[in-house]
Amino acid sequence: MPQEPLQHRCSFCKRVITVHDQYDMPIYDPSTGFAICKSCVREINHFLDEHDQANAQAGHHDFSERLGELLAKNKPHKIKEYLDEYIINQDHAKKILSVAVYNHYKRMKYGFEHEGDADIEKSNVIMLGPSGCGKTALLSHLSHLLDIPFAVTDASSLTEAGFVGADVEVAVRNLYYAADKDIEKAEHGIIYLDEFDKIARKSGANNSITADPGHEGVQQSLLKMLEGSVVEFTSRGQRKHPEAPTIKVDTKNILFIVGGAFVGIDEVVEKRLHKGGTIGFGAEVQGEEEKPDFDELISQVRPEDLMEYGIIPEIIGRLPVICTLETLDEDALLRILTEPKNAPVKQYEKLLAMDGVTLTFEEDALRAVAKKAIERKTGARSLKGIIEDVMLDIMFDIPRSDAPRKVTITEACINEGASPKIEPLEGTE
Ligand SMILES: Nc1ncnc2c1ncn2[C@@H]1O[C@H](COP(=O)(O)OP(=O)(O)O)[C@@H](O)[C@H]1O
Ligand SMILES: [Mg+2]
């Protein structure tokens, strides 16, 4: 902005602001001449944070009083019923998560009612399961249901303090924002660390993955959070510098859930099971090879396998509940296409209905989609993409006319790239 003056006067503190470069720009409105210097912006920010904190304190009472009601609303079977609306299979994982959340509410209630008494210990959860089996989806649906703050952070984006990337504090900061900047609420929230396997340190079993030694530093910082410590961070968008006001959140009562695919952990388990023995697990005669074996193996994961994989023992000690998810088979994928509330087929039906089109997928077509997804070995992840490819031309061409039509997606559309059947709606029964 070359024509703007290089000096402004802050409309609040009246100090002269000298602009050295564009990063130094104060807030300045040329039409009114209104300007605010950075230090006033900082003040205001600090004021707002304190204001929010005071509000939070006032709200605290309400929250503890509402806990009874929340407990009744979040009984495990009710949480599971909700998850069932969106997630196919994974019953075991749904149960574990439902109980973990319910117990979290109970622990909170106990804490409020018996201050100073020995706390009920929390049971953080670690989830393992192949790519695209619903780990992230489960947790994101869970977050919509809950009345306590819940934040998902991608662990693979975390770096050791001082390195380029996000410090582990980001996980707590995300929770603080999910709690509408209410510290008290954030301190009783849930943090989900996704892609947790990506911070495994390089070890014998895991050396196919290029993990760097810095991951151990990330794990050490995460450990402090898991053990319960006061995490200090600045508001979003503010750089860390000595005068920046910080927010402090105690993680003692935060429930941690971590999840990841842990690619290769099946081999670690297999090695442990057959240490010294010569009978290979895979040698067992089984019609369907790979998949049952894989699920069978990961369902037997033990803390020592996670250690071998490259997670430090202290962290594993803080994740007492191990939850494994299953590989989705063709039938499961077929159901995922049609049954969940937000199933892809339902979504496309709705979209095309807006163009006056009745969309139908033949059963064989859906099965073909599921088969393709299985070939790609990315679980349910590729379903949407496979359908999207087929739907593109239809979604492009259909709006050319307003005539009501019926569109049928057949198996040939999926497997041979054939065009869908389009008929005028009146002509069909
Ligand atoms: N069991 C499931 N039921 C319903 N949808 C699923 C299931 N598993 C995966 N999906 C869908 O597939 C996609 C990828 O799943 P995601 O949860 O990201 O997998 P991951 O286990 O790798 O985290 C999401 O769009 C999700 O809705
Ligand atoms: Mg995921």
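Strand E7 (residues 190-194) is mostly covered: 5 of its 5 residues are buried. Buried means that 20 or more other C-beta atoms, placed from the backbone, lie within 10 Å of a residue's own; exposed means 12 or fewer, and partly exposed is in between. Ile190, Tyr192 and Asp194 point one way from E7, while Ile191 and Leu193 point the other way, and all are buried.

This is a predicted model, in which local features need pLDDT of at least 70 and side-chain atom pairs count only at pLDDT 80 or more, while totals for chains, interfaces and linings use all residues. Residues are numbered from 1 along each chain as its sequence is written, and chains are lettered from A and ligands numbered from 1 in the order in which they are written.

**The sheet around E7**

E7 belongs to an open sheet of 5 strands with parallel pairing, in the order E6-E7-E10-E5-E11. Strand E6 (150-154) and strand E11 (321-324) stand at the edges with a single partner strand each, so one side of each has no neighbour in the sheet. From one strand to the next, the twist averages 20°. Helix H3 (residues 91-113) packs on this sheet and touches E5, E7, E10 and E11. The direction of H3 makes about 150° with that of E11. Such angles run from 0 to 180 degrees between N-to-C directions, with axes fitted as lines to C-alpha atoms, for helices over the stretch in contact.

Strands pair if DSSP finds at least two bridges between them. Helices (H or I, at least four residues) and strands (E, at least two) are DSSP runs, numbered from the N terminus.

| Strand pair | Bridges | Residues standing opposite |
|---|---|---|
| E6 and E7 | 5 bridges | Ala151 and Ile191 |
| E7 and E10 | 4 bridges | Leu193 and Val258 |
| E12 and E13 | 5 bridges | Phe361 and Ile409 |

Val357, Leu359 and Phe361 form its covered face, and Thr358 and Thr360 its uncovered one.

**Helix H4 and the ligand**

Helix H4 covers residues 135-145. Its buried residues are Lys135, Ala137, Leu138, Leu139 and Leu142. What covers them includes helix H2 (76-84), H3, E5, E6, E7 and E10.

H4 also gives the most to the shell around ligand 1, with 3 residues. That shell has 18 residues, and Gly134, Lys135, Thr136, Ala137 and Ala380 come nearest. A residue is near if its C-beta atom, placed from the backbone, lies within 6 Å of the molecule. By class, the shell has 8 nonpolar, 8 polar and 2 charged residues. Ala, Val, Leu, Ile, Met, Phe, Trp, Tyr, Cys and Pro count as nonpolar, Asp, Glu, Lys and Arg as charged, and the others, Gly among them, as polar.

Domain 2 (59-324) and domain 3 (330-424) both give residues to the shell, so ligand 1 lies between them. The domain bounds come from an automatic or database domain assignment.

**The whole chain**

The protein chain has 16 helices and 14 strands. Of its 429 residues, 34% are buried. Among contacts with a separation of 6 or more, 69% are between residues 24 or more positions apart. Two residues are in contact if their C-beta atoms, placed from the backbone, lie within 7 Å.
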